[in-house]
Amino acid sequence: MPRVRTTVENVSTVLKALVKRDLEAAAGSNGVLSRAEQTKVPKYLSDAANVLRAQKPNARITVDAMEAFVATRANQLIGEVNQPRGSGAATLSKTEAAAAFAREPNLGFAVMEAYQIASGSGVNVDSIAQTRASQVDDDTTFKKFATEAEALNYQDPDGKQVSWLVRTGDSLLSSTYVSGRNDLWAQRFDIDKRTGAVTVTHEH
């Protein structure tokens, strides 16, 4: 993954997406985090839920309330370690992300994860995809292409079979690829930018 200029806004956006995904995985579709479901979330979210329950002992802990609370607290934590003014105020460095982790390990770990995803310095999804697609034998060559059409129409000058890879999409938390052999078989898969996990979404 190419590294990019990492703004506080980008880190905050990625962190919100991580929070939403973690909460929805635990709470399901009803939008409320029960005490039983709370045991399934990462520690930074469990800590936040405990704070909200202490503030309003009889209130239901909604996913929306959790998202807003964690986002606010994360931004406060980033503000505590980030350069307060000047050109560096709008960006977050690796050193500052590490300082957030050191200051508050549970929430700071989530900030560090968001920083790594936003900066492209964490899981190398391109490398994972290439390793997956480039496992070939002596009669097969591997190539990357910009589009599926190019991959499907390519003919190796030496007459070898072609194992190919195309990156077709990118979202905050994952990248999508298609790999195949000549024009006979293809597989579409997503790679998680947080964990590197591969999810096959389609084969033909």
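This report walks through a predicted model, from its helices to its sheet and a few individual residues.

## About the model

Because this is a predicted model, local features need pLDDT of at least 70 and side-chain atom pairs count only at pLDDT 80 or more, while totals for chains, interfaces and linings use all residues. Residues are numbered from 1 along each chain as its sequence is written, and side-chain values use heavy atoms, with hydrogens and water left out.

Helices (H or I, at least four residues) and strands (E, at least two) are DSSP runs, numbered from the N terminus.

## The helical part

Let's start with a helix pair. Helix α1 packs with helix α6 (residues 105-119) at an angle of about 115°, their axes being 8 Å apart. Here axes are lines fitted to C-alpha atoms, for helices over the stretch in contact, and angles run from 0 to 180 degrees between N-to-C directions. From α1, the contact is made by N10, V11, V14, L15 and L18; from α6, by A110, V111, E113, A114, Y115, I117 and A118. Contact means heavy atoms within 4.5 Å.

T6 sits in the segment before α1. With a relative accessibility of 7%, T6 counts as buried; the classes are buried under 20% relative accessible area, exposed over 50% and partly exposed in between (1.4 Å probe, protein chains only). Not counting residues up to four places away in sequence, T6 touches V11, T91, L92, Y115, A118 and S119.

V70 belongs to helix α4 (residues 63-81) and is buried too, at 2% relative accessibility. Setting aside residues up to four places away in sequence, V70 touches V19, Y44, L45, A48 and L107. V70 and V19 are 51 residues apart in sequence, yet their C-alpha atoms are 7.8 Å apart in space.

## An exposed loop residue

N30 is found in the loop between α1 (8-27) and α2 (35-38). Its relative accessible area of 54% makes N30 exposed. The side chain of N30 reaches the backbone nitrogen of V32 at 3.1 Å. This is a polar contact, meaning a pair of N or O atoms within 3.5 Å; within protein, one must be able to donate a hydrogen and the other to accept it, and residues adjacent in sequence count only if both atoms are side-chain atoms. N30 and G108 are 78 residues apart in sequence, and 28 Å separates them from C-alpha to C-alpha.

## The five-stranded sheet

Now for the sheet: it is open, has 5 strands in the order β1-β2-β3-β4-β5, and shows mixed pairing. Two strands pair if DSSP finds at least two bridges between them. β1 and β5 stand at the edges with a single partner strand each, so one side of each is left without a neighbour in the sheet. On average, neighbouring strands are turned by 25° against each other, direction ignored.

One of the bridge partners in β5 is T199, which pairs with D190. β4 and β5 form a hairpin with 5 residues between them, and G196 in the turn has a positive phi of about 80°.

## Helix α7 on the sheet

Helix α7 packs on this sheet, touching β1, β2, β3, β4 and β5, and its direction makes about 150° with that of β4. The buried residues of α7 (residues 125-133) are V125, A129 and A133. Seen down the axis of α7, these buried residues fall within an arc of 60°, so they line one face of the helix; the arc is that of the directions from the helix axis to the C-beta atoms. They pack against β1 (140-145), β2 (161-170), β3 (174-181) and β4 (185-192).

S163 lies in strand β2 and counts as buried, at 4% relative accessibility. A polar atom of the S163 side chain lies 2.6 Å from the backbone oxygen of A133. Leaving aside neighbours within four places in sequence, S163 is in contact with A133, V136, T140, T141, F142, K143, G180 and R181.

## Beyond strand β1

T147 is placed in the loop between β1 and α8 (148-153). A relative accessible area of 33% makes T147 partly exposed. T147 and V166 are 19 residues apart along the chain, with their C-alpha atoms separated by 6.0 Å.
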